[in-house]
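Please keep the sequence and the structure in view while reading.

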Amino acid sequence: MFAYGRGVASNFTIAADYFRRAAMNNHAPSLRYLGIFAINGHDQPDGIPNTKLALRWYEKCLQFSLYSDIKDLCLAELSQIKAILQNIRAHEAMTLKKFDKKWR
């Protein structure tokens, strides 16, 4: 409801609170939504994405998911995040190499 603004104003803070309550009972869809919120910065006071937190939520989603459709979604999204992070690290390493060569 609060995540999408259905019948109420959209409020990610309240939505995250409800998802956290459900996640305490290992509710896989809530764990997934908390991962989505973390990667988009919706549950952060400064609005900055928290990739480490997102990865933890997705790992828990995989661990506790009883249904293959939720597990498949969590696995696909987790794989995408890991691939993006790997690409960022590779780009940073290339940039550092170029910077190092330039200043030698």
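Helix α1 (residues 12–23) packs against helix α2 (residues 28–40) at an angle of about 140°, and their axes lie 8 Å apart. That angle makes α1 oblique to α2. Here helices (H or I, at least four residues) are DSSP runs, numbered from the N terminus. Axes are lines fitted to C-alpha atoms, for helices over the stretch in contact, and angles run from 0 to 180 degrees between N-to-C directions. Angles under 35 degrees count as roughly parallel, over 145 as roughly antiparallel, 65 to 115 as roughly perpendicular, and the rest as oblique.

The model is a predicted one, in which local features need pLDDT of at least 70 and side-chain atom pairs count only at pLDDT 80 or more, while totals for chains, interfaces and linings use all residues. Residues are numbered from 1 along each chain as its sequence is written, and side-chain values use heavy atoms, with hydrogens and water left out.

Which residues make the contact between α1 and α2? From α1 come Phe-12, Ala-15, Ala-16, Phe-19, Arg-20, Ala-22 and Ala-23, and from α2 come Ser-30, Leu-31, Tyr-33, Leu-34 and Phe-37; contact means heavy atoms within 4.5 Å.

One of the residues on the α2 side, Ser-30, is buried, with a relative accessible area of 3%. Buried means under 20% relative accessible area, exposed over 50%, and partly exposed in between (1.4 Å probe, protein chains only). Leaving aside neighbours within four places in sequence, Ser-30 is in contact with Phe-19, Ala-22 and Ala-23. The side chain of Ser-30 is also joined to that of His-27 by a polar contact of 2.7 Å. Such a contact is a pair of N or O atoms within 3.5 Å; within protein, one must be able to donate a hydrogen and the other to accept it, and residues adjacent in sequence count only if both atoms are side-chain atoms.

The loop between α1 and α2 contains Asn-26. Although Asn-26 is not a glycine, it has a positive phi of about 60°. With 35% relative accessibility, Asn-26 counts as partly exposed.

The description now turns to the next pair of helices. The axes of α2 and helix α3 (residues 51–64) come within 8 Å and cross at roughly 165°; α2 and α3 are therefore roughly antiparallel to each other. Among the residues that meet here are Leu-31, Leu-34 and Ile-39 in α2 and Trp-57, Tyr-58 and Phe-64 in α3.

Technical notes: Helix = DSSP H or I, 4+ residues; strand = E, 2+ residues; numbered from the N terminus.
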